[in-house]
Amino acid sequence: MTETDWGAPGDAGPRAASAGGTGGLVGRAAELEQLRRCVRQESGTPRSLVLIGEEGVGKSHLLRAACELAAADGDLVLTAQGWAPERDLPYGLLRHLLAAPKDRAAGEPHRSALLAAIATGPGVPVPSATEVRSGTAALLDRLSRPDRGSGSGRVLITVDDAHAGDRPTMELLGSLIRRTEGSRVAVLLASRDCEVLLGLPAGAEALHVAPLALRSACDLLDAVPGAPVGRARLEVLEQAEGNPSALLELCRRRVFSAEPTLARERAPRLLNPRTRFDTLVDALPAPTRRAVGYAAAALPGDDASAVMAALGTADPAIWAPAEAAGIVALIDGHIVFRHPLARVAARGQTAALLTGAHRDLAERAGARPFDRARHLVAAAVVPDASLTDELLAAAGHSADDFALARVLEDAARCSTSAGERARLLAAALDAAVAVGDPDWVRSLHASFLSVNSDPRLAREAALAAATALSHASRQREAFDLLLDSVDRYPSVGAALDLRLATLAAAIAEQSGLAEHRGRLAQLVAGLSAAGAGPADRTGAGRDGAGPDGVLAGFVQGTGPARADGARRAGEGPDALVRSGPLDGREQLTRRLAVASVAYLSDEPDATLEHFRAADTYLCGRRAFGLRAWHLAPLLDTLLATGQWAEVSARLAEAADKAAVLRLTRPRADLEAFEVSLRALRGTAPASPPAWPAVPFDGHENAATRARLVRAGALVAMAHGEWADAFRRLRTLFAEDGTPLHPFLSSRCIAELALAAHRAGLGEAAAEVLARVRAAQGEQPTARMTLLLHHAAALVEPGADPEHHFRLALVNPAGERWPLERAQARFGYAIWLRRARRPSEARQQLVAALDTAEALGCRPLATAIRQELRASGVPDSAHPGPALHRLTAQQQQIVRMAAQGLSNREIGEQLFLSPRTVGTHLYNVYPKLGVSSRHQLRDLLSSR
């Protein structure tokens, strides 16, 4: 295989220096805002906050940021830090707090008591708490006077590690917190536990400082010079659990070795500064120290009973010293480490201890073959060829691709045979591609090329490399690599060939390049001619149902052939496609292929059914690298079918994963959907931000480019910038109007026509409309029929607008695309009002408004309300109390039913099916307290 030019490793991540503009603190914008409001003593905010969070979570940095802010404002800042050895020294904290301003107490009546409280030395009498409180309060009143000569007149008191502070000072601070209301003094405390709150008044509000979110932890790690990449980077993020201190410490411990092996976790700690947890572990009794080592070696499947069985004891008292030291806790039958660094410290014991732990735990994992194999690989300190067969046999029991890739890579290093090592690395490559980290894939690919001599394995490696290249936006290289592997290497089997063909089809759709669509047919034909193609081995019947029909849909492009292929593949009786839970990569590939063609054929029900099933399966396996292929069409379908809440939830989760893995093309797709959703909801800024935030080549990624362009156009349309929206959407088509992407460009035709119509550029859009209509063939999908007729009503010269509007709305199947149908209704209503038919216009406007409000599409809803006013409906007009509980469309149906119209007649006027009208009436009767149409007439006549 020709070695792939992967580019520089780790060159795509966002840096912490530019993350959020929060003074260098990554992921703490919300906490900093609360501190800012407290420090500046803004109205309605507490004058005291207690920062609660685990060790190393960043409380000290937040306090430091608050002090810097106060100092910049001219506030007087008094700081101290608790220290356990001084906990029994009365007013030890107070002495540090008043170290700077103590001389200012000269004019105070309580000067002597205050100076005595902070004095040191034997025999110094301690004044009463009342005297100290009075003296401190008087001093702070003096220091916080606005006329004291300089500064803001505010005072900020901060105490870090308040849990280690002496009791008299903490009681004094409690009294200060009680009187901060109305004063110019703010108090900030930081503590590792909530016990400090017990000694404070109820007015002390807690600010819980949680571990960093995944993306923020990633930003912090990437800002560290020489930070690990690939597998090591993912392991650091996983083990740190969002704790910044743990993350940095783990990073330091791995800098000395670039090899991502289990052995590096056993490296001598002399190379790194010791943490408090290292000292705590070393101080444990020998049996307990051994026990926490076993607990650190345990896998998620090893509960407390398994660990204790491996230790050879049934006495739970063995854990008592570690529990008392805050290292572990026994929760729900599992041994849980209280802090990420506690696990690291426990794991950092001798290699002999950890090796023995893994061997003993392997003996107790007989019912879990994959866990047993993982333990055996971790215990192997020298190459052991006997592990290879056991591991490969157990790999099928893994439900976690991240864990699978790690143990396969470790096993490859334990193999003495180049052939076995190549087999293991090829399997590790496949699992790492499922995970999605490009640096890890790059490293494994290089290792594989250095040992492989089997041409059959080369095709597997090509599939992995092409996937990583595609995620990096390099579609031409990815497609050429697949073609080269088909030409040069023999088939490995039907399952892998099916994956190769569907990957090639997905790359062709992503690139939008005509050359790829043309060569795709050759690639699939080559696989079939080899006797292992999809048509031979996937279980397809003569009726065409199954994955071979799916691939035919991919190859033949848009139009009737693709729609027919999707219908047969998505709705046929093929049990291999429609069976229950997914249980393997081959079945997953088939399900995704069906979903992809359903998506390209405007069949949303089948699209969502299969994509959701695949996404659930891959989420459980932590396989974002595979999820990245279908997230864009899944989100696109959810957005178009009005399921915006689900879009928001999936975006938040997927954007974090894509950022952590630094996948450029998926990140750009997700950014496009986020901007699109905000524009449709009316929350987008006046102009799109500088995005995408990642390197991106639009020339060979037409699909992502189309999503980004449409997102920008939606922002422009939301703000009434119609000419700008048209300019953006016009770039999705060639000079002669040919769609640059056969699917996504065409789906923008109605929005292009609307922008052109509003901007007075209808003639420029008409040429594009003609090209799109020709590309759709004689039988466009229901969705494209709606869009084409809507566009024709707006911009086609010499057309009858009403004819096209009615054709756009006549098919009840259009209800599956609520936003596009509402936009067509709105356009029809505007035409009706201008044709002096306001009553009919109002009917369309009410239905469109109902949809817009249900979706939460504020720009469209606002525009519809303006048109309603122009149609003679005042803002104050609303139905009576009973009707007011119904939606606008339900109110309209009720009024028409009360007039004696049948369900069919109502449906014909509102472009709804009779069944939909009947469902609405069935649902509203109980709300109105009626049971028949006669009662509806009586109800309305009485109002």
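Author: Start with the second largest cavity: helix 31, helix 33, helix 34 and helix 40 (818–834) each supply at least two residues of its lining. Keep in mind that this is a predicted model.

Reader: How many residues line the second largest cavity, and which lie nearest its centre?
Author: The lining is made of 17 residues. Nearest the centre of the second largest cavity are Asp636, Leu639, Arg710, Cys748 and Arg783.

Reader: What classes is the lining of the second largest cavity made of?
Author: There are 8 nonpolar, 2 polar and 7 charged residues in that lining.

Reader: And what volume does the second largest cavity have?
Author: About 250 Å³ of space.

Reader: OK, how many cavities of 30 Å³ or more are there in the whole structure?
Author: The search finds 9 of them.

Reader: Which helices supply at least two residues each to the lining of the largest cavity?
Author: Those are helix 21 (455–471), helix 23 (494–511), helix 29 (585–600), helix 31 (624–640), helix 33 (664–681) and helix 34 (702–718).

Reader: Which helix gives the most to that lining?
Author: Helix 29, with 8 residues.

Reader: Switching topic. In what order do the strands of the open sheet run?
Author: The order is 2-3-4-1-5, with 5 strands in parallel pairing. Strand 2 (76–81) and strand 5 (205–208) are the edge strands, each pairing on one side only. From one strand to the next, the twist averages 20°.

Reader: Over how many bridges do strand 2 and strand 3 pair?
Author: Strand 2 pairs with strand 3 (residues 155–160) over 6 bridges, in the parallel sense. As an example, Leu78 has Ile157 in strand 3 as its bridge partner.

Reader: Which strands does helix 1 touch?
Author: Helix 1 (residues 29–39) packs on the sheet and touches strand 1 (48–52), strand 3, strand 4 (185–191) and strand 5. The direction of helix 1 makes about 155° with that of strand 1.

Reader: And helix 2, what does that one touch?
Author: Helix 2 (residues 59–72) also packs on the sheet, where it touches strand 1, strand 2, strand 3 and strand 4. Its direction makes about 165° with that of strand 3.

Terms used:
Residues numbered from 1 in each chain as written. Predicted model: local features only at pLDDT ≥ 70, side-chain atom pairs only at ≥ 80, totals over all residues. Heavy atoms only, no water. 1 Å grid on protein atoms, 1.4 Å probe; cavity = no way out; pocket = protein on both sides within 12 Å on 5 of 7 lines; lining within 4 Å. Points joined across faces, edges and corners; volume = space filled by probe spheres on them. Helix = DSSP H or I, 4+ residues; strand = E, 2+ residues; numbered from the N terminus. Nonpolar A, V, L, I, M, F, W, Y, C, P; charged D, E, K, R; others polar. Pairing = 2+ DSSP bridges. Axes fitted to C-alpha atoms, helices over the stretch in contact; angles between N-to-C directions. Contact = heavy atoms within 4.5 Å.
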